[in-house]
Amino acid sequence: MGEVYAIASQKGGVGKTTTAISLGAELTRRGNKVLLVDVDAQGSLTASLGYTEPDSMSTTLATVLEKVVNEMRFEPKKFGILHHAEGFDLMPGNIELAGLEVSLVNAWSREMVLAKYVGQVKRYYDYVILDCMPSLSLMTLNAFSAADRVIIPVQAAYLSLKGLEQLIKTIGKVKRNLNTRLGIAGILITMLDERTRYAREIVELLQNTYGDNLRVFDTRIPYSIRAAEATAEGVSIFTHDPKGKVAAAYRELAGEVVSYE
């Protein structure tokens, strides 16, 4: 049964989707079968993998979850899953997730719908990576209920730290009430410019505040325009700039993730 990781942050623009793609791509390069799941109504993961108009797609995660809610039979390994040229699979997401979230408000076990789907599909993969919304929405709670561990990307900036405590508390509540398997794999510092004193001070603050109770990954993802360029091309950093510093950092992160298990 595959390991399930949720990539979650309360703030957008911290490299969450880039982390999901890069970690998935590197784990694939290491010989694993990987499924990326876009749990964000904005469809950022889907668009970043070359499907530039996710809202026009007819079969997405929302379609699958509607079938789960209505207890309709389908083949989880095949239905809606796309294969990316770099070797991993994608369950796309789009704006229909927002509508589904509204309809789930009155559904039975509304926080567990995604977990039911992931439970069916993860037997075919070594890793399932869930790219969450940048908010504590019902779909994010669904992702936490389906996951084994959460990776929290945090940009080395004060505003990025403000929502971290609430996110950690929410993960704790989900662990106590919905998913006893759930744990925090670690906090990942992203988009770091170590040349600035401000960034170094934020890193030190993060270590001092959370380092005694939570793992802060040794890997730090440097800021680079190359990561944004890769997203625009619909590929991972390993295809766009395989010898660059961002690719090297995500290789290191994948090593940490695997060793943590």
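Biologist: Where is the place of Gly234?

Modeller: This is a predicted model. Helix α10 covers 225-233 and α11 covers 237-240. Gly234 sits in the loop between α10 and α11.

Biologist: Is Gly234 buried or exposed?

Modeller: Buried means under 20% relative accessible area. Gly234 has 7% relative accessibility, so Gly234 counts as buried.

Biologist: Which residues is Gly234 in contact with, leaving aside its neighbours within four places in sequence?

Modeller: Start with the spacing to Leu45. Gly234 and Leu45 are 189 residues apart in sequence, yet their C-alpha atoms are 9.5 Å apart in space. With neighbours within four places left aside, the contacts of Gly234 are Ser48, Leu49, Gly50 and His84.

Biologist: How many aromatic pairs are there?

Modeller: Rings of Phe, Tyr and Trp pair if their centres lie within 6.5 Å. By this rule, the count of aromatic pairs is three.

Biologist: Is the pair of Tyr5 and Tyr127 stacked, edge-to-face or tilted?

Modeller: The ring centres of Tyr5 and Tyr127 are 6.4 Å apart. Planes under 30 degrees apart count as stacked, and those over 60 as edge-to-face. The planes of Tyr5 and Tyr127 are at 35 degrees, so the pair is tilted.

Biologist: How many residues apart are Tyr5 and Tyr127, and in which strands?

Modeller: Tyr5 is in strand β1, residues 3-7. Tyr127 is in strand β5, residues 127-132. The pair links distant parts of the chain, with a separation of 122 residues.

Biologist: Are Tyr5 and Tyr127 buried or exposed?

Modeller: The cut-off for buried is under 20% relative accessible area. Tyr5 has 1%. Tyr127 has 6%. Tyr5 is therefore buried, and Tyr127 counts as buried.

Biologist: Which residues have the most contacts inside the largest nonpolar core?

Modeller: The largest nonpolar core has 57 residues. Helix α5, residues 113-121, gives the largest share of this core, six residues. Those with the most contacts inside the core are Leu114, Tyr117 and Leu130.

Biologist: Which residues do ring pairs link into a cluster with Tyr117?

Modeller: Look at what Tyr117 touches beyond four places in sequence. The list includes Leu61, Val64, Phe74, Ile81 and Met91. Ring pairs join Tyr117 into a cluster with Phe74 and Phe79.

Biologist: How many residues are in the second, separate core?

Modeller: This core includes Ile7, Ile21, Tyr127 and Phe217. Tyr127 also pairs with Tyr5 through the rings. The second core has 30 residues.

Biologist: Which residues does Thr170 touch, not counting those up to four places away in sequence?

Modeller: Thr170 is in helix α8, residues 164-177. At 10% relative accessibility, Thr170 counts as buried. The residues touched are Leu136, Leu141 and Phe144.

Biologist: Which residues make the nonpolar surface patch of about 360 Å²?

Modeller: Take Leu159, in helix α7, residues 158-162. At 57% relative accessibility, Leu159 counts as exposed. Leu159 is one of the residues in this patch, made by Tyr158, Leu159 and Tyr198.

Biologist: How many salt bridges does a search of the whole structure find?

Modeller: Side chains of opposite charge can pair when their charged atoms come close. The cut-off is 4 Å between nitrogen and carboxyl oxygen. The search finds twelve.

Biologist: How many residues apart are Arg149 and Glu3?

Modeller: The closest N and O atoms of this salt bridge are 2.6 Å apart. Arg149 is buried at 18%, while Glu3 is partly exposed at 24%. Arg149 is in strand β6 and Glu3 in strand β1, a separation of 146 residues.

Biologist: In which helix do Arg197 and Glu201 lie?

Modeller: Their side chains meet in a salt bridge, 3.2 Å from N to O. Arg197 is exposed at 60%, and Glu201 is partly exposed at 40%. They are four residues apart, about one turn, in helix α9.

Biologist: Which helix holds both Glu229 and Arg226?

Modeller: Glu229 and Arg226 form a salt bridge with closest N and O atoms 3.2 Å apart. Glu229 is partly exposed at 29%, and Arg226 is partly exposed at 38%. They lie three residues apart, about one turn, in helix α10.

Note on methods:
Residues numbered from 1 in each chain as written. Predicted model: local features only at pLDDT ≥ 70, side-chain atom pairs only at ≥ 80, totals over all residues. Heavy atoms only, no water. Helix = DSSP H or I, 4+ residues; strand = E, 2+ residues; numbered from the N terminus. Buried < 20%, exposed > 50% of the residue type's maximum accessible area, 1.4 Å probe, protein only. Contact = heavy atoms within 4.5 Å. Phe/Tyr/Trp six-rings, centres within 6.5 Å; stacked < 30°, edge-to-face > 60°. Core = buried A, V, L, I, M, F, W, Y, C linked by side-chain atoms within 4.5 Å. Patch = residues over 30% accessible without salt bridge, like charges linked within 9 Å, V, L, I, M, F, W, Y side chains within 5 Å. Areas by Shrake-Rupley, 256 points an atom, 1.4 Å probe, with all protein chains shown as cover.
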